[in-house]
Every structure is written in C-alpha cells, then in structure tokens.
Amino acid sequence: MKKIGITSTVPIEVLMAAGYQPVDLNNVLVTDPNPERLVNIAERHGFPLNCCSWIKGIYGVCLEYGIDNILCVTGGDCSNTIMLMEVLKLKGRNAIPFAYPDQPDPRRMQSTLQSLAATLGTTLEAATRVRDELQPGRDLALRLDELTWKESTVSGWENHLWLVSTSDFNQDFHKYHRELQGLLEVCSRRQPYPSEQLRLAYIGVPSVYARDLYRHMERHGARVVFNEVQRQFAMPEPGESLSEQYANYTYPYSIYERLKDIKTELRRRQVDGVIHYVQAFCHRGIGDIVFRDAIDLPMLTLEGNDDFFLTNHIQTRIEAFLDMLARSRRGIKYKQQAIS
Ligand code: SF4
C-alpha cells in the first residue's frame, strides 16, 4: 500500500479504500528517537521559532521519512497547516487539502466525504466497508478506556498510547488489534490501582512530553482516567454511518461541542482535577479561558513547546497541583466524617 501522511485525525476509511496506508505524522514525530532533530530541519528551512513544534516536526517527518503524499487538514484543526501545505508543495510533495465542515452536520459531512472520495478515486461504499473492518479495533480501544476509569486496571499512559494510536492504528490495524487484545488479557489479571489515587482528566491536544507526563503523575499518586482528544480519535460515537461518525467526532468543531463531551465524562469518571495542555504558539491555548469558566474543578494549565521531556519547572508545578488536590480530598473526607 502507498503511504499517505495525515496531519491530524481524518476519515482514514476513505484513504484506505483508495489503497493508501495512512501514517499519522504526529505519532511518527513523537516516537522518533530524536524528535528535536526533525523540528530543527524545519527551522533550518525557514520555519519561524514561534511556530508550533507539531507543525515543524511533521514537516521534518515528511522530508526525513520520504512521505510524498500528505493529506493536510486545513479546516477543523489548524490554520498553520495551510501554509505547511504550501511549503510541502514547494518541496515537491503531493499535499492534498481536507477541511471538516464548520458545523457537526452529518449531511455536510457526507458531501465532504464524497468529495474526498472522488479526489482519491474511491467511493463511500468502499470506505464504509473499511469502517466495518476497523470497528473491532476501535471497540477494543474503547474497552481499554472503560477499564481505565471503571476497573482501574489500566494506566493513564497506556490509555493515552492506545487511544492516540487509533488515528492510524500504528499503520497496521490487524497488528494493533492483536497487540491490544494481548494487553487486555494482561489487564484482566491485574489488581486495580489503589482507590486513594487521585483521578485526573487530560484535555487538549496530545502533549509533546506525554511519555514523561503520565509517568510523573503516577509516581506522585495520580492517574489520568480521561484523555479527551485521544478518546475522540477512537470514535466513541460511531453513529449509523461514516458521516455521522465524523460529525460526532468533537475535536474539529466548536469548543462548546467538546465541552459537552468533557463535562459528561468528568462527572461519569469522578475526576478530582483537570490538566489542560496547550501547545506554545497554538491558537487553541486561548480556549483555556472558556474551559476555566465552564469546568467546575481545579485545573492546571501546562504548556509545551519543543522539549520532548518534562522540565524541572513543569514537574514542580504538577507536584504542587497534585498536593493541593490531595489536601482538598482529605479535607472533604474529614468534613464528611465530622457530619456523620
Ligand atoms: S498544536 Fe495547535 S498550532 Fe500546533 S498543529 Fe495542533 S492545532 Fe496547530
């Protein structure tokens, strides 16, 4: 299968129906042994220092990994991708634009999908057959998610890793299914994490230092039981058709669509506190104002740029936040004991 890079989660069913193997360029960037090198390539080619590292990194991935075809999400994700696409064209790449409709409307989604299928030389009927093939993998990912918050047998990092990977199923959905099935068997034999552990939500785009972040929080008595955007990648509301599935996928639309999902899950998963991750120089960081107004839980906003590990400064801020949450949880418990 010919590879096609994707700059964000897209209707991969259409790409696969057209004979392409989707490659999530973000996942390639963070799993590269030296992601800083890929960001540096973009800077040497003229990308400004104050441009988001994801954009620069995926540019470096395209060049270093020889990705010739790229589906660039120009609407519903990131306006920087428009200019990234122009530079990729300049470098001789076949960069194809894809824009989500500005409203989560299945009819408009249907026509967006039809025009993508026509561009790539396939049909929505063929893409629907691929959707059926991918569904067992998505079901397993959502089962892992359920085990994370209901049974407490899955770590926040595992939850992040397997959900974020559903954007391209690590380029091999059969292998993904097999390996995840193996992990679920391991989880079924595990003891649950202790109930005293703090329960956190992670909202916002996946972080550049995810590998360190989840482990650091777990070492300090807290586990992420809700990864907002990563869970959306697994299509938790598939609906009856491809167009419903991608209209129900909240990430490309208004922040208020995301908030409905976030608030439901915060209640359901009994979350103690929220980590909101923002990427330096990203317009989505402004959404912190809306989240802080709408979410009635303690929130820590963390920013990442081009450090693919946790700096001491961020570690200290996380530890102070967790300490505050633990004290407030103990305070509530004492008050309840005093009343009863
Ligand atoms: S983090 Fe923000 S600026 Fe960077 S690629 Fe994503 S949406 Fe664009």
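Predicted model: local features only at pLDDT ≥ 70, side-chain atom pairs only at ≥ 80, totals over all residues.

Reader: Which residues of helix α10 are buried?

Author: An α-helix has 3.6 residues a turn, so residues three or four places apart point the same way. Helices (H or I, at least four residues) and strands (E, at least two) are DSSP runs, numbered from the N terminus. Buried means under 20% relative accessible area, exposed over 50%, and partly exposed in between, with a 1.4 Å probe and protein chains only. In α10, which spans residues 210-219, the buried residues are A210, L213, Y214, H216 and M217. Seen down the axis of α10, these buried residues fall within an arc of 160 degrees, so they line one face of the helix; the arc is that of the directions from the helix axis to the C-beta atoms. Just after α10, G221 has a positive phi of about 80 degrees.

Reader: How many aromatic pairs are there?

Author: A pair of aromatic rings is described by the distance of the centres and the angle of the planes. Rings of Phe, Tyr and Trp (its six-membered ring) pair if their centres lie within 6.5 Å; planes under 30 degrees apart count as stacked, over 60 as edge-to-face and the rest as tilted. The count by this rule is twelve aromatic pairs. For Y202 and Y214, the ring centres are 5.9 Å apart and the planes stand at 35 degrees, so the pair is tilted. Y202 belongs to strand β5 (residues 198-203) and Y214 to helix α10, so this pair ties together parts twelve residues apart in sequence. Y202 is buried at a relative accessible area of 0%, and Y214 is buried at 1%.

Y209 and Y277 form an edge-to-face pair, 5.5 Å centre to centre with 90 degrees between the planes. Y209 lies in the loop between β5 and α10, and Y277 in strand β7 (residues 273-279), so the pair ties together parts that are 68 residues apart in sequence. One aromatic cluster is formed by F98, Y100, Y246, Y249, Y251 and Y253.

Reader: At what angle do α7 and α9 pack?

Author: Two packed helices are described by the angle between their axes and the distance between the axes. Axes are lines fitted to C-alpha atoms, for helices over the stretch in contact, and angles run from 0 to 180 degrees between N-to-C directions. Helix α7 (residues 124-151) and helix α9 (residues 173-188) pack at about 30 degrees, their axes 10 Å apart. That makes α7 roughly parallel to α9; angles under 35 degrees count as roughly parallel, over 145 as roughly antiparallel, 65 to 115 as roughly perpendicular and the rest as oblique.

Reader: What does T250 contact beyond its neighbours within four places in sequence?

Author: Contact means heavy atoms within 4.5 Å. With those neighbours left aside, T250 is in contact with Q232, E257, R258 and D261. T250 lies in the loop between α12 (242-248) and α13 (255-268) and is buried, with a relative accessible area of 9%.

Reader: Where is R223 placed?

Author: R223 is in strand β6 (residues 222-227) and is buried, with a relative accessible area of 2%. The C-alpha atoms of R223 and V271 are separated by 9.9 Å, although these residues are 48 residues apart along the chain.

Technical notes:
Residues numbered from 1 in each chain as written. Heavy atoms only, no water.
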